[in-house]
Amino acid sequence: MKRFTAVLRGTLAASALSLCASGAMAQDFVNVLTGGTSGVYYPLGVGLSNIYAENMDRVRTQVQSTKASVENLNLLQQGRGEIGFALGDSVAAAWNGDAEAGFPEKLDQLRGIAGIYPNFIQLVALAESGATTLEDIKGKAVSVGAPASGTELNARAILGAAGMSYDDLGKTEYLPFAESVELMKNRQLDATLQSAGLGVASIRDLASSVEISVVEIPASIAESLGAPYQAATIPAGTYDGQEADVPTIAISNYLVTHAGVSDEVAYQMTKLLFDNLEELTSSHQAAAQIKLEAALDGMPVPLHPGAERFYREQGMIN
C-alpha cells in the first residue's frame with residue numbers, strides 16, 4: 001500500500017510538472033489584418049508584427065494580406081484576427097450594421113485599440129486624359145478599389161457628394177491598387193481612386209512610369225459629407241511630376257481588435273504601438289503621422305479594456 005501511495009504521488013507530481021511546463025510553453029497568437037501588398041496597411045502591418053514578436057513574451061505573430069477595411073472588420077468579428085487596420089467610416093458602418101457598406105448585421109464584438117494616421121483620397125489620372133477635376137472624370141474608365149472595400153465605400157460617398165454616381169463613368173472597375181496601376185500603364189484605364197497614406201507605393205510606381213495628374217477634390221465635398229471626412233492637401237512633390245499642392249479629403253484610420261482578445265494582449269498591442277513609433281515609421285512614412293494625443297479622437301467603437309488601461313496610465317482617461 002505504501003509503495004502504491006508513493007507511486008501515485010510520483011505520478012501526480014509528474015503530471016503537475018507536465019501541466020506547468022505546457023502552461024509555460026503556451027503562446028498567444030496575434031494575426032495582423034492589413035490590406036493589399038502595394039498599399040500602406042501591409043508594410044505597417046509587417047512592422048507592427050515585428051515589434052510585437054520582438055517584445056511580447058510567448059507570442060507568435062502573422063501578417064495577413066486582405067481586401068482591407070471591410071474584410072478586416074468581418075474577420076475580427078469572427079475571431080479570425082487579433083488586430084486589424086480599417087477606415088473610420090467603415091468602422092462606424094460595421095458597428096451600426098450598415099448592409100449597404102458590407103455589414104448586414106452589427107459587428108458587436110469589435111473593440112478599439114487606437115486612431116492612427118489619416119487616409120488621403122487620391123484620385124490620380126493619366127495626364128493624357130486631361131482630367132484634373134471631379135467633373136473631368138465623367139465618361140472616363142476609373143478603378144474605384146476592390147469591391148466593398150473601404151476605398152470603394154469612399155469612392156461612392158465622394159461621387160455622391162459631387163452629384164455623381166458610377167453611371168456617370170465611362171467604365172467602372174473594382175480592382176486593388178496594384179492591378180489598377182498596371183491597367184493604367186497599359187492605357188486600359190484613365191484613372192484610379194485610392195484611399196491610402198501619402199506616398200503609397202502603387203501611385204509612386206505609376207508616377208515613375210507615366211505622366212499623371214492628381215485630381216482635385218474640393219473642400220466642399222468634405223463639408224457635404226461631414227465627419228469623419230475632412231478637407232486635406234496632397235503636398236507638391238508627393239509624386240513624380242506633381243508640381244503643386246492638390247486639395248483632397250482625408251479620413252482617419254483605426255486599429256481595431258475584438259472582445260475575445262485578452263486584456264493583457266490588448267494592453268501590450270496598444271503600448272508597444274506607441275513605444276515604437278520610430279521603428280514603425282521605418283516601415284512606412286505614414287506612421288510618422290500617428291500621435292498618442294490623437295489616438296482616441298472619433299473612436300467609432302468601444303475601447304478594449306486592455307487599451308483603456310494603457311490610456312488611463314497616460315492620463316488620457318479619468
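**The pocket and its surroundings**

The largest pocket has a volume of about 330 Å³. A pocket here is an open set of points on a 1 Å grid over the protein atoms alone, with protein on both sides within 12 Å along at least five of seven lines, while a cavity is a set where a 1.4 Å probe fits but cannot get out, and lining residues have an atom within 4 Å of a point. Points are joined across faces, edges and corners, and a volume is the space filled by probe spheres set on them.

This is a predicted model, in which local features need pLDDT of at least 70 and side-chain atom pairs count only at pLDDT 80 or more, whereas totals for chains, interfaces and linings use all residues. Residues are numbered from 1 along each chain as its sequence is written, and side-chain values use heavy atoms, with hydrogens and water left out.

The lining of the largest pocket comprises 24 residues, and Gly35, Gly36, Lys67, Ala68 and Phe177 are those that lie nearest its centre. At least two lining residues come from each of helix 2 (41–55), strand 4, helix 5 (150–161) and strand 7 (191–196); helices (H or I, at least four residues) and strands (E, at least two) are DSSP runs, numbered from the N terminus.

Strand 4 (residues 110–126) also holds Gln122, which is buried, with a relative accessible area of 0%. Buried means under 20% relative accessible area, exposed over 50% and partly exposed in between, with a 1.4 Å probe and protein chains only. From this position the Gln122 side chain reaches the backbone oxygen of Gly197 at 3.3 Å. Such a polar contact is a pair of N or O atoms within 3.5 Å; within protein, one must be able to donate a hydrogen and the other to accept it, and residues adjacent in sequence count only if both atoms are side-chain atoms. Apart from neighbours within four places in sequence, the residues in contact with Gln122 include Thr192, Leu193, Gln194, Ala196, Gly197, Ile234 and Tyr239, contact meaning heavy atoms within 4.5 Å.

A search of the whole structure finds one cavity of 30 Å³ or more, and the largest cavity has a volume of about 50 Å³.

Thr172 is found in strand 6 (residues 171–173) and is partly exposed, with a relative accessible area of 21%.

Gly79, which follows helix 3, has a positive phi near 75 degrees.
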